[in-house]
Amino acid sequence: MFSLVERQFNKQVKNIRTDNGTKFACMKNYFLKNGIIFQTSCTGTPQQNGNVKHKHQYILNVARALRFQGCLLIDFWRECILTAGYLINKTPSSILNGKTPFRMLYGCDPTYDLLQVFGSLCYAHKQGRLGGKFDSRSRRCIFVGYPYGKKGYHFYDIETNEIFISRDVKFSKIDFPFESIPTDT
Amino acid sequence: MQATKIVSGVDLKKGTKNLNKCCDVCQRAKQTENKFPISDFRASDAYELIHCDLWGPINEASYFLTIIDDYSRVV
């Protein structure tokens with residue numbers, strides 16, 4: 001991640017703030033070696049890490065909304081969280097004076113024409129057509145996210161239960177295939 | 001209280017040297033957490049300060065790591 005920041009934004013990470021979790025303790029030596037200031041909160045004081053705690057609340061709120069809109073099972077939590085993060089980065093924020101985090105980082109406005117309805121039914125073009133001329137030409141799937149670094153979308157195939165990336169897709173936008181299945185499990 | 005004559009019959013002069021001392025009984029009985037001020041620090045440039053935290057567990061042992069840049073608030 002640090003080399004990504006350095007190469008993409010020509011910036012060096014200077015401070016890292018987190019809580020007292022042991023999960024970050026193993027990286028202490030790395031921070032020390034690279035001159036990064038590692039700030040941890042006092043025990044029992046999550047307020048000192050409030051920024052990220054509030055963001056978790058925000059992410060979870062959006063992710064829950066995505067899940068219930070698509071009537072998805074809890075197994076899709078990863079896709080919900082990642083999509084929530086993607087959407088939040090493109091949502092204007094009052095703390096940034098109405099700008100989006102995307103704009104603050106890249107200096108230009110994000111495009112919104114790539115957004116799709118999470119969990120909605122779509123038909124992805126079947127590549128290869130192994131089954132011959134009379135076989136189905138499409139796969140019934142639902143939209144589950146935006147892959148990083150690819151011009152396409154993530155889909156979940158309802159029939160074969162696999163997640164794949166495609167760009168040759170028709171979106172129905174209003175049908176949610178999992179609507180009839182209860183989401184409590 | 002004595003000066004404004006709300007209470008009478010208490011001679012404060014007797015114990016004045018102990019008035020501002022940290023009292024063991026008071027601390028044990030009444031100590032609270034310190035006030036937590038809202039931070040007004042904002043990073044002035046991208047990636048000057050980043051916040052990290054792990055969220056979970058979900059489905060027994062799965063977590064996700066959130067990394068936020070303080071300047072742009074990008075997740």
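**View 1. The contact between chain A and chain B.** In this predicted model, 32 residues of chain A are in contact with 23 residues of chain B, contact meaning that C-beta atoms, placed from the backbone, lie within 7 Å. The largest share of the side of chain A that touches chain B comes from α4(A), with six residues. That side divides into 15 nonpolar, ten polar and seven charged residues; Ala, Val, Leu, Ile, Met, Phe, Trp, Tyr, Cys and Pro count as nonpolar, Asp, Glu, Lys and Arg as charged, and the others, Gly among them, as polar. Residues are numbered from 1 along each chain as its sequence is written, and chains are lettered from A and ligands numbered from 1 in the order in which they are written. Local features need pLDDT of at least 70, side-chain atom pairs count only at pLDDT 80 or more, and totals for chains, interfaces and linings use all residues.

**View 2. Strand pairing between the chains.** β1(A) pairs with β1 (residues 49-58) of chain B in the parallel sense, over three bridges; pairing requires at least two DSSP bridges, and strands are DSSP runs (E, at least two residues), as helices are (H or I, at least four), numbered from the N terminus. A:Ile16 has B:Ile50 as its bridge partner in β1(B).

**View 3. The buried face of α4(A).** Among the buried residues of α4(A) are A:Val52, A:Ile59 and A:Leu66 (buried: 20 or more other C-beta atoms within 10 Å; exposed: 12 or fewer; partly exposed: in between; C-beta atoms placed from the backbone). The buried residues pack against α5 and β4 (138-145) of chain A, together with β1 and β2 (62-69) of chain B.

**View 4. The opposite face of α4(A).** A:His54, A:Gln57, A:Asn61 and A:Phe68 are exposed on the face turned away from the buried side. A:Cys71, with a positive phi near 50°, follows α4(A).

Key:
Two residues are in contact if their C-beta atoms, placed from the backbone, lie within 7 Å.
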